[in-house]
Amino acid sequence: MIMFQPLNAKVEAPNYNFSLDAFNDFFPDRPVTELDKKYGKGEEMNDEDSVKTLKYYVAHMRYKFPVLVQVQDGKILDFHARLPHYFLHDIFFQSLVNRLGKQTTYKRTGEEAYYTWDAKPLKHIYSAACTITCFPIFYAVQKGEEEQPSLLQKMKRANSGN
């Protein structure tokens with residue numbers, strides 16, 4: 001008789017132990033010099049009206065994704081992170097709920113959903129989509145009341161052609 005030994009293998013979730021704390025350095029009103037020290041000098045994407053848009057990469061041994069940051073006078077105004085599609089929506093969304101509570105607003109457009117948390121003085125925006133499985137698209141944090149247009153507003157304006 002052949003006996004089988006149980007396999008003791010470590011199985012990790014596809015999010016690879018990603019933590020929302022990875023975004024703490026990118027939050028509004030933080031100095032951009034901290035980003036330069038930790039992530040290297042940001043690639044300048046745009047410079048208009050004393051507001052620069054810089055691109056950084058959050059990298060780990062199993063993931064790498066871009067984070068766009070708007071900076072004025074050396075301080076971060078807002079950020080937009082394009083999340084990897086292999087991150088699981090359920091896990092990422094639950095992390096946001098655990099940290100911020102129930103979302104303030106929810107809007108569904110086609111197969112894409114938008115969640116907003118008005119956690120004064122900041123506004124957190126998360127977007128996900130579903131096909132066969134659900135996956136995150138982006139996560140952004142901005143000041144609740146901004147003097148400058150946010151990255152999301154600028155992207156929306158660029159897509160509409162205005």
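Which exposed residues are carried by the face of helix 2 turned away from its buried side? I began my notebook with this, keeping in mind that the structure is a predicted model.

**Entry 1: helix 2**

I looked up the extent of helix 2 and found that it runs over residues 89-100, twelve residues in total. From its first C-alpha to its last it reaches 16 Å, which is close to the 16 Å expected at 1.5 Å a residue. I then listed the buried residues of this helix, and they are His89, Phe92, Phe93 and Leu96. They cover an arc of only 95° around the axis, so they sit on the same side of helix 2. With that side identified, I could answer my opening question: the face turned away from it carries the exposed residues Asp90 and Asn98.

Next I asked what covers the buried residues of helix 2. The cover includes strand 6 (112-119), strand 7 (122-130) and strand 8 (134-143). I also checked what comes after the helix, and noted that Gly101 follows it, with a positive phi near 85°.

**Entry 2: Ser95**

I stayed in helix 2 to look at Ser95, which has its place there.

I counted 14 residues in its lining, and Tyr114, Ile125, Phe138, Leu152 and Lys156 are the ones that lie nearest its centre.

Which element supplies the largest share of that lining? Helix 3 does, with five residues, and I recorded its range as 151-160. Strand 5 (105-109), strand 6, strand 7, strand 8 and helix 3 each supply at least two residues of the lining. Sorted by class, the lining of the largest pocket has five nonpolar, six polar and three charged residues.

The second largest pocket holds about 170 Å³ of space. Its lining is made of ten residues, and those nearest its centre are Gln72, Leu77, Lys143, Glu147 and Gln148. By class, this lining divides into one nonpolar, two polar and seven charged residues.

**Entry 3: backbone angles**

I reminded myself that most residues other than glycine have a negative phi, and that most peptide bonds are trans. With this in mind I searched for places that depart from the rule.

Asp29 is not a glycine, yet its phi is positive, at about 75°. Asp29 lies in the segment before helix 1 (32-39), and it is partly exposed, with a relative accessible area of 44%.

Asp73 is likewise not a glycine and has a positive phi, of about 55°. I located Asp73 in the loop between strand 3 (64-72) and strand 4 (75-82), where it is exposed, with a relative accessible area of 72%.

Which two residues does a cis peptide bond join? They are Lys120 and Pro121, and omega is about 5°. I placed Pro121 in the loop between strand 6 and strand 7, two of the strands that I had already noted among the cover of the buried residues of helix 2.

Technical notes
Residues numbered from 1 in each chain as written. Predicted model: local features only at pLDDT ≥ 70, side-chain atom pairs only at ≥ 80, totals over all residues. Heavy atoms only, no water. Helix = DSSP H or I, 4+ residues; strand = E, 2+ residues; numbered from the N terminus. Expected span 1.5 Å × (residues − 1). Buried < 20%, exposed > 50% of the residue type's maximum accessible area, 1.4 Å probe, protein only. Arc of directions from axis to C-beta. Contact = heavy atoms within 4.5 Å. 1 Å grid on protein atoms, 1.4 Å probe; cavity = no way out; pocket = protein on both sides within 12 Å on 5 of 7 lines; lining within 4 Å. Nonpolar A, V, L, I, M, F, W, Y, C, P; charged D, E, K, R; others polar. Points joined across faces, edges and corners; volume = space filled by probe spheres on them.
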